[in-house]
Amino acid sequence: MRGTTVLPRTPCLQPKAGELPLHRLEVRAPDALPFAVGTFDTIGPMSRASFPHRHTFYEIVHLIGGTGDHVVDFTRWEVRPPQLAVIAPGQVHHWDARDLKGYVVLFTDDFLLEHPADRETLRRLSQQPWQLDDRAAEETARLVTELDEEFRCGGQGTDSVLRALMHVLIVRAGRLPGLSDARPPARAQAVGTEFARLLGRPDLGLWSVGALAERIGVTPGYLTDAVKTATGRTAAQLMREARTREAKRFLLGTDLSVRQVASRVGFADPAYFCRFFRRETGLSPGDYRRTGDSAPEIHHD
């Protein structure tokens, strides 16, 4: 995806007024694989950034040490190593933690071209951090260590080896307890995955089922049926949740006015947006801005 990667030492884009910082993946050369892996120390201070920001890329974190919280979309999750966490493109996150240890794997959507079904697994993994038992922790540590070694020292065929190891890591992570084992039909799965991916791209401004169906290249009716088959939920319900989630991000993370927030999530009428937001959250946008971040709910695995 264009604009998702930059060369080393490229200055960060200055966010527009009211926007959160958007980080792009640093790569070694313009035609380099959109991928990086390392420890918190070798990746650098941005890997443990303490301010809310978004990525244009996926981030897989294998935590083996640390205390505090990982805040994703303004929900606090306790750091309890060993853990695996996935941050998808567009999600807002930051660390309120100390002494973080482990590996960080970074890659763009382009890296998944050979295994598109991995996108759905990553989407499900991004819903919460996952506690690892001894076997899963050992297996994950072995795979990320292999990825790191191949990335630093590999030779001919490194790109293929990295893609293969990443596919194994994602598939194995998809077997963690709590993730659904059901597999919908391939076509519905593909459409449902693309729907979820586009919902994670608020910058596209696609805030209706019809607009998303046109972008994917299917009819709204087929999109509705495919999303229901793939996820067990309706496209309209997922759309409402995405709009609400994005509105919350703006209300808590920026100083945009309620009118501006309404416009950013596709509402021409601020009054209608306020009714929508109250119906979805039980609070007005103003009340949520004042109280929503004061005591975020803390989840434990």
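Over the ring of which residue does the charged end of Arg243 sit? I looked this up and found the ring of Phe267, with the charged end 4.0 Å from its centre; I counted a charge as over a ring if NZ of Lys or CZ of Arg is within 6 Å of the ring centre and within 35 degrees of the ring normal.

I note that this is a predicted model, where local features need pLDDT of at least 70 and side-chain atom pairs count only at pLDDT 80 or more, while totals for chains, interfaces and linings use all residues. Residues are numbered from 1 along each chain as its sequence is written, and side-chain values use heavy atoms, with hydrogens and water left out.

Next I looked at Phe267 itself, which is buried at a relative accessible area of 6% (buried means under 20%, exposed over 50%, partly exposed in between, with a 1.4 Å probe and protein chains only). Tyr272, at 41%, counts as partly exposed.

I then turned to aromatic pairs, taking rings of Phe, Tyr and Trp (its six-membered ring) with centres within 6.5 Å, and calling planes under 30 degrees apart stacked, over 60 edge-to-face and the rest tilted. The count comes to ten. Tyr58 is buried at 5% relative accessibility, and Phe107 is buried at 0%. For Phe267 and Tyr272 I noted centres 5.6 Å apart and planes at 55°, so that pair is tilted. Ring pairs link a cluster that I recorded as Phe267, Tyr272, Phe273, Phe276, Phe277 and Tyr288.
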